[in-house]
Amino acid sequence: MTTTATRALIGLGLCAAFSGAVQAQPKTEITLSRFFGSCEADYGKSTDVKAARGECGVITTLVNQFNATNKDNIVVKPQIVEWGPYYDQLTARIVARDVPTIAVMHESSLGDFVSRKLIEPVDDSFKAAGIDTAQYSDHAKAGTQFGGKTYALPFDTWGWLWHFNLNLMKKAGLTKPDGTPVMPTTPDELLAQARKFKEATGKPYFSWTTVNSTSPNMRTFLSLFYQQNGAELFKGGAKPQLDMKSPQATKALTLMNQMYSEGLVMTGLDYGAANQAFVNGETGVVVVGTWKIDDFVAQAEKPGTALSNGYAVYPFPKLLDRKSEFADGHTWVMLKGGTKDEAQRKAALTFLKFLWDNDGEWARTGHLPANKTALDSAAFKAMPMRSNIVELSSTGRGMPHSIPRQRAIEIAVDQEIGNMMVSKKPLAETQDAAESRVNKLLDSVR
(Lines give C-alpha, C1' and ligand atoms only; values in the text may rest on other atoms or scores of the structure.)
Protein backbone atom coordinates (compact mmCIF):
# COMPACT_ATOMS: atom_id res chain seq x y z
CA MET A 1 0.00 0.00 0.00
CA THR A 2 1.33 3.42 -0.88
CA THR A 3 2.13 6.02 1.71
CA THR A 4 -0.52 8.31 0.27
CA ALA A 5 -3.18 5.60 0.49
CA THR A 6 -2.14 4.72 4.03
CA ARG A 7 -2.41 8.33 5.07
CA ALA A 8 -5.86 8.56 3.48
CA LEU A 9 -7.12 5.52 5.37
CA ILE A 10 -5.74 6.83 8.64
CA GLY A 11 -7.37 10.14 7.97
CA LEU A 12 -10.68 8.47 7.29
CA GLY A 13 -10.37 6.50 10.51
CA LEU A 14 -9.60 9.59 12.53
CA CYS A 15 -12.55 11.39 10.98
CA ALA A 16 -14.86 8.51 11.80
CA ALA A 17 -13.61 8.33 15.36
CA PHE A 18 -13.92 12.06 15.76
CA SER A 19 -17.43 11.99 14.30
CA GLY A 20 -18.44 9.22 16.71
CA ALA A 21 -17.04 11.13 19.66
CA VAL A 22 -18.98 14.23 18.65
CA GLN A 23 -22.22 12.26 18.28
CA ALA A 24 -21.87 10.28 21.53
CA GLN A 25 -24.34 11.47 24.15
CA PRO A 26 -22.59 12.67 27.32
CA LYS A 27 -23.62 10.85 30.49
CA THR A 28 -25.87 12.79 32.85
CA GLU A 29 -26.18 11.58 36.43
CA ILE A 30 -29.08 12.49 38.68
CA THR A 31 -29.85 11.41 42.24
CA LEU A 32 -33.10 9.99 43.57
CA SER A 33 -33.72 10.28 47.31
CA ARG A 34 -36.32 7.79 48.51
CA PHE A 35 -37.51 5.51 51.26
CA PHE A 36 -39.40 2.23 50.44
CA GLY A 37 -36.58 0.07 51.81
CA SER A 38 -33.56 -1.65 50.29
CA CYS A 39 -33.76 -4.92 48.34
CA GLU A 40 -30.60 -5.02 46.25
CA ALA A 41 -30.09 -8.73 46.92
CA ASP A 42 -33.38 -9.54 45.18
CA TYR A 43 -33.78 -6.77 42.63
CA GLY A 44 -30.42 -5.03 42.31
CA LYS A 45 -29.97 -6.13 38.68
CA SER A 46 -33.57 -6.81 37.68
CA THR A 47 -35.26 -4.88 34.89
CA ASP A 48 -38.39 -7.06 34.74
CA VAL A 49 -40.99 -4.94 36.52
CA LYS A 50 -43.71 -7.55 36.04
CA ALA A 51 -41.69 -9.94 38.23
CA ALA A 52 -41.14 -7.41 41.05
CA ARG A 53 -43.12 -7.55 44.29
CA GLY A 54 -43.70 -4.88 46.91
CA GLU A 55 -42.76 -1.20 47.00
CA CYS A 56 -39.02 -1.75 47.15
CA GLY A 57 -39.02 -4.33 44.39
CA VAL A 58 -41.09 -2.25 42.00
CA ILE A 59 -39.28 1.08 42.44
CA THR A 60 -35.84 -0.58 42.35
CA THR A 61 -36.72 -2.40 39.13
CA LEU A 62 -38.23 0.70 37.54
CA VAL A 63 -34.99 2.63 38.14
CA ASN A 64 -32.97 -0.27 36.74
CA GLN A 65 -35.18 -0.42 33.68
CA PHE A 66 -34.87 3.31 33.02
CA ASN A 67 -31.08 3.20 33.37
CA ALA A 68 -30.90 0.27 30.95
CA THR A 69 -33.27 1.58 28.29
CA ASN A 70 -33.21 5.39 28.14
CA LYS A 71 -31.64 6.78 24.97
CA ASP A 72 -30.25 9.93 26.56
CA ASN A 73 -27.42 8.34 28.56
CA ILE A 74 -29.08 9.33 31.85
CA VAL A 75 -28.06 7.46 34.98
CA VAL A 76 -30.32 7.61 38.03
CA LYS A 77 -28.49 6.96 41.30
CA PRO A 78 -30.84 6.03 44.16
CA GLN A 79 -30.14 7.36 47.65
CA ILE A 80 -32.06 5.10 50.00
CA VAL A 81 -33.05 6.50 53.40
CA GLU A 82 -34.97 4.89 56.25
CA TRP A 83 -38.57 6.07 56.45
CA GLY A 84 -38.45 7.30 60.08
CA PRO A 85 -35.70 9.95 59.77
CA TYR A 86 -36.30 10.70 56.09
CA TYR A 87 -37.65 14.25 56.39
CA ASP A 88 -35.15 15.28 59.05
CA GLN A 89 -32.33 14.07 56.84
CA LEU A 90 -33.80 15.77 53.78
CA THR A 91 -34.02 19.07 55.66
CA ALA A 92 -30.44 18.69 56.87
CA ARG A 93 -29.28 18.04 53.30
CA ILE A 94 -31.04 21.16 52.08
CA VAL A 95 -29.29 23.24 54.75
CA ALA A 96 -25.94 21.66 53.80
CA ARG A 97 -26.67 22.31 50.10
CA ASP A 98 -26.44 18.61 49.35
CA VAL A 99 -29.81 18.56 47.61
CA PRO A 100 -30.96 15.45 45.69
CA THR A 101 -32.11 15.96 42.12
CA ILE A 102 -35.45 14.28 42.80
CA ALA A 103 -36.94 13.36 46.19
CA VAL A 104 -39.98 11.39 47.24
CA MET A 105 -42.41 13.34 49.42
CA HIS A 106 -45.81 12.69 50.94
CA GLU A 107 -48.59 15.03 49.92
CA SER A 108 -49.08 15.77 53.62
CA SER A 109 -45.48 17.07 53.84
CA LEU A 110 -45.46 18.96 50.55
CA GLY A 111 -47.07 22.10 51.94
CA ASP A 112 -44.20 22.74 54.36
CA PHE A 113 -41.65 22.77 51.55
CA VAL A 114 -43.86 24.86 49.25
CA SER A 115 -44.49 27.46 51.97
CA ARG A 116 -40.73 27.70 52.60
CA LYS A 117 -40.28 28.30 48.85
CA LEU A 118 -38.04 25.24 48.51
CA ILE A 119 -40.08 23.98 45.56
CA GLU A 120 -41.13 26.00 42.53
CA PRO A 121 -44.20 25.47 40.30
CA VAL A 122 -43.53 22.92 37.56
CA ASP A 123 -46.55 23.34 35.26
CA ASP A 124 -44.56 24.69 32.31
CA SER A 125 -41.73 22.20 32.77
CA PHE A 126 -44.12 19.27 33.00
CA LYS A 127 -45.98 20.42 29.89
CA ALA A 128 -42.73 20.59 27.96
CA ALA A 129 -41.78 17.12 29.18
CA GLY A 130 -45.11 15.65 28.09
CA ILE A 131 -46.64 15.24 31.56
CA ASP A 132 -50.33 16.17 31.36
CA THR A 133 -51.43 17.48 34.77
CA ALA A 134 -55.04 17.27 33.59
CA GLN A 135 -54.64 13.51 33.99
CA TYR A 136 -54.03 13.82 37.74
CA SER A 137 -56.73 12.02 39.75
CA ASP A 138 -58.89 14.26 41.92
CA HIS A 139 -57.09 13.16 45.09
CA ALA A 140 -53.67 13.63 43.48
CA LYS A 141 -54.60 17.07 42.13
CA ALA A 142 -55.76 18.23 45.55
CA GLY A 143 -52.54 16.96 47.11
CA THR A 144 -50.03 18.50 44.68
CA GLN A 145 -51.57 21.81 43.62
CA PHE A 146 -51.47 24.99 45.69
CA GLY A 147 -53.12 28.18 44.54
CA GLY A 148 -53.82 26.62 41.15
CA LYS A 149 -50.15 25.77 40.55
CA THR A 150 -48.55 22.33 40.44
CA TYR A 151 -45.54 21.58 42.64
CA ALA A 152 -45.01 17.82 42.34
CA LEU A 153 -45.56 14.71 40.29
CA PRO A 154 -48.07 12.49 42.12
CA PHE A 155 -47.22 8.79 42.14
CA ASP A 156 -50.19 7.26 43.93
CA THR A 157 -53.02 7.51 46.41
CA TRP A 158 -52.65 5.28 49.44
CA GLY A 159 -54.94 4.75 52.35
CA TRP A 160 -55.65 2.96 55.60
CA LEU A 161 -57.17 -0.48 55.12
CA TRP A 162 -58.40 -3.60 56.89
CA HIS A 163 -56.60 -6.71 55.65
CA PHE A 164 -58.52 -9.91 56.47
CA ASN A 165 -57.49 -13.51 57.10
CA LEU A 166 -60.60 -15.12 55.63
CA ASN A 167 -59.61 -18.55 56.91
CA LEU A 168 -59.83 -17.33 60.50
CA MET A 169 -62.90 -15.20 59.81
CA LYS A 170 -64.69 -18.28 58.46
CA LYS A 171 -63.71 -20.25 61.56
CA ALA A 172 -65.30 -17.51 63.67
CA GLY A 173 -68.48 -17.51 61.59
CA LEU A 174 -67.78 -14.03 60.27
CA THR A 175 -67.96 -14.64 56.52
CA LYS A 176 -70.89 -14.38 54.13
CA PRO A 177 -72.02 -17.22 51.82
CA ASP A 178 -69.82 -15.80 49.05
CA GLY A 179 -66.76 -15.99 51.34
CA THR A 180 -66.37 -12.26 51.88
CA PRO A 181 -66.03 -10.97 55.45
CA VAL A 182 -68.96 -9.66 57.45
CA MET A 183 -68.17 -5.98 57.85
CA PRO A 184 -69.30 -4.20 61.03
CA THR A 185 -71.46 -1.15 60.49
CA THR A 186 -71.44 0.36 64.00
CA PRO A 187 -68.96 0.49 66.91
CA ASP A 188 -71.19 -1.95 68.84
CA GLU A 189 -71.16 -4.41 65.93
CA LEU A 190 -67.38 -4.12 65.74
CA LEU A 191 -66.97 -4.91 69.42
CA ALA A 192 -69.41 -7.82 69.19
CA GLN A 193 -67.64 -9.30 66.18
CA ALA A 194 -64.20 -8.88 67.72
CA ARG A 195 -65.35 -10.62 70.91
CA LYS A 196 -66.93 -13.42 68.89
CA PHE A 197 -63.74 -13.85 66.88
CA LYS A 198 -61.60 -14.07 70.00
CA GLU A 199 -63.93 -16.59 71.62
CA ALA A 200 -64.01 -18.79 68.51
CA THR A 201 -60.29 -18.67 67.64
CA GLY A 202 -58.55 -17.80 70.89
CA LYS A 203 -56.81 -14.98 69.02
CA PRO A 204 -57.13 -11.18 69.06
CA TYR A 205 -59.24 -9.75 66.27
CA PHE A 206 -56.71 -7.02 65.40
CA SER A 207 -53.01 -6.53 65.06
CA TRP A 208 -51.82 -2.97 64.70
CA THR A 209 -48.67 -1.15 65.73
CA THR A 210 -48.54 -0.30 69.44
CA VAL A 211 -44.77 -0.17 70.12
CA ASN A 212 -42.34 2.35 68.54
CA SER A 213 -45.29 3.80 66.66
CA THR A 214 -44.97 7.05 64.71
CA SER A 215 -48.15 7.14 62.61
CA PRO A 216 -50.49 4.08 62.68
CA ASN A 217 -52.43 5.19 65.78
CA MET A 218 -53.00 8.61 64.26
CA ARG A 219 -54.16 7.15 60.95
CA THR A 220 -56.66 4.87 62.68
CA PHE A 221 -57.86 7.78 64.81
CA LEU A 222 -58.33 10.02 61.75
CA SER A 223 -60.21 7.27 59.91
CA LEU A 224 -62.72 7.04 62.75
CA PHE A 225 -62.75 10.78 63.35
CA TYR A 226 -63.51 11.81 59.75
CA GLN A 227 -66.42 9.35 59.58
CA GLN A 228 -68.37 11.64 61.90
CA ASN A 229 -70.46 14.58 60.75
CA GLY A 230 -69.04 17.93 61.75
CA ALA A 231 -65.58 16.54 62.45
CA GLU A 232 -62.90 19.23 62.20
CA LEU A 233 -59.58 18.52 63.87
CA PHE A 234 -58.37 22.12 64.00
CA LYS A 235 -60.14 25.32 65.00
CA GLY A 236 -59.06 28.94 64.89
CA GLY A 237 -58.89 29.65 61.16
CA ALA A 238 -55.66 31.46 60.29
CA LYS A 239 -54.17 30.46 63.65
CA PRO A 240 -55.17 26.79 63.85
CA GLN A 241 -55.24 24.92 67.14
CA LEU A 242 -55.68 21.18 67.60
CA ASP A 243 -59.02 20.24 69.18
CA MET A 244 -58.85 16.74 70.69
CA LYS A 245 -61.79 17.30 73.08
CA SER A 246 -64.56 17.53 70.50
CA PRO A 247 -67.32 14.89 70.70
CA GLN A 248 -66.02 13.34 67.49
CA ALA A 249 -62.43 13.06 68.75
CA THR A 250 -63.60 11.68 72.09
CA LYS A 251 -65.73 9.02 70.42
CA ALA A 252 -62.87 7.86 68.18
CA LEU A 253 -60.37 7.73 71.05
CA THR A 254 -62.80 5.92 73.32
CA LEU A 255 -63.44 3.17 70.77
CA MET A 256 -59.73 2.61 70.13
CA ASN A 257 -59.04 2.48 73.86
CA GLN A 258 -61.85 0.01 74.49
CA MET A 259 -60.66 -2.33 71.73
CA TYR A 260 -57.19 -2.38 73.22
CA SER A 261 -58.20 -2.63 76.89
CA GLU A 262 -60.46 -5.63 76.17
CA GLY A 263 -57.59 -7.57 74.59
CA LEU A 264 -59.12 -7.41 71.12
CA VAL A 265 -55.84 -5.96 69.79
CA MET A 266 -52.60 -7.95 70.08
CA THR A 267 -50.23 -6.13 72.43
CA GLY A 268 -46.55 -5.33 72.23
CA LEU A 269 -46.23 -5.16 68.44
CA ASP A 270 -44.06 -2.81 66.43
CA TYR A 271 -44.77 -2.28 62.72
CA GLY A 272 -42.97 -5.37 61.47
CA ALA A 273 -44.34 -7.61 64.21
CA ALA A 274 -47.92 -6.44 63.61
CA ASN A 275 -47.73 -7.46 59.96
CA GLN A 276 -45.94 -10.70 60.76
CA ALA A 277 -48.56 -11.67 63.32
CA PHE A 278 -51.18 -11.36 60.59
CA VAL A 279 -49.11 -13.35 58.09
CA ASN A 280 -48.58 -16.06 60.71
CA GLY A 281 -52.32 -16.38 61.34
CA GLU A 282 -52.20 -14.95 64.86
CA THR A 283 -54.85 -12.26 64.22
CA GLY A 284 -57.85 -11.88 61.96
CA VAL A 285 -57.31 -8.32 60.74
CA VAL A 286 -54.23 -6.16 60.39
CA VAL A 287 -54.79 -2.42 60.04
CA VAL A 288 -52.16 -1.09 57.64
CA GLY A 289 -51.89 0.65 54.29
CA THR A 290 -52.27 -0.19 50.62
CA TRP A 291 -48.55 -0.91 50.23
CA LYS A 292 -48.90 -4.31 51.94
CA ILE A 293 -51.46 -5.67 49.46
CA ASP A 294 -48.94 -7.14 47.04
CA ASP A 295 -46.97 -8.82 49.85
CA PHE A 296 -50.12 -10.35 51.35
CA VAL A 297 -51.36 -11.50 47.93
CA ALA A 298 -48.03 -13.29 47.49
CA GLN A 299 -48.55 -15.03 50.83
CA ALA A 300 -52.08 -16.06 49.87
CA GLU A 301 -50.74 -17.62 46.68
CA LYS A 302 -48.44 -19.98 48.63
CA PRO A 303 -49.90 -23.35 49.68
CA GLY A 304 -49.70 -24.11 53.37
CA THR A 305 -49.51 -20.52 54.63
CA ALA A 306 -51.96 -19.02 57.12
CA LEU A 307 -53.30 -16.79 54.33
CA SER A 308 -53.41 -19.48 51.64
CA ASN A 309 -56.44 -18.78 49.43
CA GLY A 310 -57.82 -16.70 52.29
CA TYR A 311 -56.87 -13.05 51.95
CA ALA A 312 -59.06 -10.02 51.29
CA VAL A 313 -58.69 -6.29 51.80
CA TYR A 314 -61.17 -3.43 52.14
CA PRO A 315 -61.08 0.23 53.14
CA PHE A 316 -61.90 1.12 56.73
CA PRO A 317 -65.56 0.08 57.17
CA LYS A 318 -68.24 2.70 57.68
CA LEU A 319 -68.78 2.52 61.44
CA LEU A 320 -70.22 5.99 62.01
CA ASP A 321 -71.97 8.66 59.93
CA ARG A 322 -70.23 8.45 56.58
CA LYS A 323 -67.63 6.55 54.56
CA SER A 324 -64.14 7.89 55.10
CA GLU A 325 -60.64 6.72 55.86
CA PHE A 326 -57.21 8.26 56.18
CA ALA A 327 -55.47 8.70 52.83
CA ASP A 328 -52.32 10.37 51.56
CA GLY A 329 -50.11 10.04 48.51
CA HIS A 330 -46.48 9.75 47.46
CA THR A 331 -45.14 12.41 45.12
CA TRP A 332 -41.83 13.22 43.43
CA VAL A 333 -40.42 16.73 43.79
CA MET A 334 -37.56 18.74 42.33
CA LEU A 335 -36.20 20.85 45.17
CA LYS A 336 -34.38 24.12 44.57
CA GLY A 337 -30.67 23.52 44.22
CA GLY A 338 -31.09 19.90 43.18
CA THR A 339 -29.93 20.44 39.59
CA LYS A 340 -26.65 22.10 38.77
CA ASP A 341 -27.32 22.77 35.07
CA GLU A 342 -29.95 22.49 32.35
CA ALA A 343 -28.76 19.02 31.35
CA GLN A 344 -29.54 17.66 34.81
CA ARG A 345 -32.90 19.42 34.89
CA LYS A 346 -33.85 17.94 31.52
CA ALA A 347 -32.67 14.51 32.67
CA ALA A 348 -34.77 14.78 35.83
CA LEU A 349 -37.87 15.67 33.82
CA THR A 350 -37.20 12.78 31.44
CA PHE A 351 -37.07 10.36 34.36
CA LEU A 352 -40.22 11.85 35.92
CA LYS A 353 -42.03 11.35 32.60
CA PHE A 354 -40.90 7.70 32.69
CA LEU A 355 -42.30 7.28 36.20
CA TRP A 356 -45.57 8.94 35.15
CA ASP A 357 -45.90 6.61 32.18
CA ASN A 358 -45.27 3.63 34.47
CA ASP A 359 -47.68 4.70 37.20
CA GLY A 360 -49.73 1.60 36.47
CA GLU A 361 -46.74 -0.62 37.25
CA TRP A 362 -46.24 1.13 40.59
CA ALA A 363 -49.89 0.45 41.36
CA ARG A 364 -49.05 -3.25 41.48
CA THR A 365 -47.79 -2.58 45.02
CA GLY A 366 -51.39 -1.96 46.11
CA HIS A 367 -51.47 1.82 45.81
CA LEU A 368 -54.01 3.50 43.55
CA PRO A 369 -52.61 5.22 40.45
CA ALA A 370 -52.46 9.00 40.47
CA ASN A 371 -52.62 8.93 36.67
CA LYS A 372 -56.27 8.74 35.57
CA THR A 373 -55.30 6.85 32.43
CA ALA A 374 -53.73 4.11 34.57
CA LEU A 375 -56.57 4.26 37.12
CA ASP A 376 -59.16 3.66 34.37
CA SER A 377 -57.13 1.00 32.56
CA ALA A 378 -58.18 -2.63 32.19
CA ALA A 379 -54.75 -3.67 33.48
CA PHE A 380 -55.32 -1.92 36.80
CA LYS A 381 -58.86 -3.21 37.18
CA ALA A 382 -57.58 -6.75 36.59
CA MET A 383 -55.22 -6.59 39.57
CA PRO A 384 -56.31 -8.53 42.67
CA MET A 385 -58.93 -6.80 44.82
CA ARG A 386 -58.40 -3.35 43.33
CA SER A 387 -62.14 -2.95 42.85
CA ASN A 388 -62.46 -3.28 46.64
CA ILE A 389 -60.32 -0.22 47.33
CA VAL A 390 -60.78 2.11 44.35
CA GLU A 391 -63.12 4.25 46.45
CA LEU A 392 -60.06 5.62 48.28
CA SER A 393 -59.65 8.13 45.46
CA SER A 394 -62.89 9.80 46.50
CA THR A 395 -63.43 8.92 50.20
CA GLY A 396 -59.84 9.21 51.47
CA ARG A 397 -59.01 12.25 53.60
CA GLY A 398 -56.02 13.63 55.45
CA MET A 399 -55.26 16.77 57.41
CA PRO A 400 -55.99 20.09 55.65
CA HIS A 401 -53.28 21.56 53.42
CA SER A 402 -53.30 24.71 55.52
CA ILE A 403 -51.88 22.87 58.55
CA PRO A 404 -48.06 23.03 58.73
CA ARG A 405 -45.71 20.41 60.16
CA GLN A 406 -48.14 17.58 59.57
CA ARG A 407 -45.54 14.86 60.00
CA ALA A 408 -44.55 16.21 63.41
CA ILE A 409 -48.22 16.52 64.39
CA GLU A 410 -48.85 12.94 63.31
CA ILE A 411 -46.00 11.68 65.48
CA ALA A 412 -47.05 13.70 68.55
CA VAL A 413 -50.69 12.64 68.48
CA ASP A 414 -49.75 9.06 67.64
CA GLN A 415 -47.49 8.84 70.67
CA GLU A 416 -50.14 10.21 73.01
CA ILE A 417 -52.74 7.75 71.73
CA GLY A 418 -50.20 4.98 72.25
CA ASN A 419 -49.62 6.13 75.83
CA MET A 420 -53.37 6.05 76.44
CA MET A 421 -53.70 2.46 75.28
CA VAL A 422 -50.46 0.88 76.44
CA SER A 423 -49.77 2.85 79.63
CA LYS A 424 -53.42 3.29 80.66
CA LYS A 425 -53.13 7.06 80.53
CA PRO A 426 -56.56 8.60 81.23
CA LEU A 427 -58.45 9.88 78.20
CA ALA A 428 -58.64 13.47 79.46
CA GLU A 429 -54.90 13.57 80.12
CA THR A 430 -54.26 12.13 76.66
CA GLN A 431 -56.34 14.85 75.06
CA ASP A 432 -54.61 17.58 77.07
CA ALA A 433 -51.14 16.25 76.27
CA ALA A 434 -51.83 15.96 72.56
CA GLU A 435 -53.25 19.47 72.36
CA SER A 436 -50.38 20.95 74.37
CA ARG A 437 -47.67 19.35 72.22
CA VAL A 438 -49.29 20.14 68.89
CA ASN A 439 -50.40 23.68 69.67
CA LYS A 440 -46.93 24.63 70.92
CA LEU A 441 -45.63 23.28 67.62
CA LEU A 442 -48.14 25.28 65.62
CA ASP A 443 -47.33 28.45 67.58
CA SER A 444 -43.63 28.00 66.86
CA VAL A 445 -44.04 28.03 63.07
CA ARG A 446 -46.09 31.24 62.81
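A pocket, as the word is used here, is an open set of grid points with protein on both sides within 12 Å along at least five of seven lines, and its lining residues have an atom within 4 Å of a point. The model under discussion is a predicted one.

With that definition in hand, the second largest pocket may be considered. Helix H5 supplies the largest share of its lining, 5 residues. Helix H4 (86–95) and H20 join H5 in each giving at least two residues to this lining. The volume of the second largest pocket is about 510 Å³. Its lining comprises 21 residues, of which Asp112, Arg116, Pro404, Arg405 and Gln406 are the closest to its centre. Divided by class, the lining of this pocket holds 8 nonpolar, 8 polar and 5 charged residues.

The largest pocket has a volume of about 900 Å³. It is lined by 34 residues, and Phe36, Glu55, Trp83, Tyr271 and Trp291 are the closest to its centre. Several elements each contribute at least two residues to this lining: helix H2 (40–43), H3, strand S7 (156–165), H10 and helix H12 (271–279). The largest share, 4 residues, belongs to H3. The lining of the largest pocket contains 12 nonpolar, 14 polar and 8 charged residues.

H3 is mostly covered, with 12 of its 16 residues buried. Among these buried residues are Glu55, Cys56, Val58, Ile59, Leu62 and Phe66.

How many cavities of 30 Å³ or more does the model contain? The count comes to 2. The largest cavity has a volume of about 100 Å³. Its lining consists of Trp83, Tyr87, His106, Ser108, Ser109, Arg219, Phe326, Asp328, Met399, Gln406, Arg407 and Glu410. Helix H5 (107–115), strand S13 (325–328) and helix H20 (406–422) are the elements that give two or more residues to this lining. H20 gives the most, with 3 residues. The lining of the largest cavity has 4 nonpolar, 4 polar and 4 charged residues.

Glu410 belongs to helix H20. Is Glu410 buried or exposed? Its relative accessibility is 7%, and therefore Glu410 counts as buried. Leaving out residues up to four places away in sequence, Glu410 touches Thr214, Ser215, Met218, Arg219, Phe326 and Met399.

The largest share, 3 residues, comes from H11. In this lining, 10 residues are nonpolar, 1 is polar and none is charged.

The largest nonpolar core has 76 residues, of which Tyr205, Phe206, Phe221, Leu233, Met259 and Ile409 touch the most other members. Helix H11 (residues 247–261) gives the most to this core, with 7 residues. Beyond its neighbours within four places in sequence, Phe206 is in contact with Trp162, Leu190, Met259, Leu264, Val265, Met266, Thr283, Val285 and Val287. Another core lies apart from the largest one and has 55 residues, including Met105, Ala140, Tyr151 and Val333.

Lys117 is not a glycine, yet it has a positive phi of about 60°. Lys117 lies in the loop between H5 and helix H6 (123–129). Its relative accessibility is 61%, so Lys117 counts as exposed. Asn309, likewise not a glycine, has a positive phi of about 55°. Asn309 is in the loop between helix H13 (293–300) and strand S12 (311–315). With a relative accessibility of 73%, Asn309 counts as exposed.

Technical notes. Residues are numbered from 1 along each chain as its sequence is written. This is a predicted model: local features need pLDDT of at least 70, side-chain atom pairs count only at pLDDT 80 or more; totals for chains, interfaces and linings use all residues. Side-chain values use heavy atoms; hydrogens and water are left out. A nonpolar core is a set of buried Ala, Val, Leu, Ile, Met, Phe, Trp, Tyr and Cys residues joined through side-chain atoms within 4.5 Å. Buried means under 20% relative accessible area, exposed over 50%, partly exposed in between (1.4 Å probe, protein chains only). Contact means heavy atoms within 4.5 Å. On a 1 Å grid over the protein atoms alone, a cavity is a set of points where a 1.4 Å probe fits but cannot get out, and a pocket is an open set with protein on both sides within 12 Å along at least five of seven lines; lining residues have an atom within 4 Å of a point. Grid points are joined across faces, edges and corners, and a volume is the space filled by probe spheres set on the points. Ala, Val, Leu, Ile, Met, Phe, Trp, Tyr, Cys and Pro count as nonpolar, Asp, Glu, Lys and Arg as charged, and the others, Gly among them, as polar.
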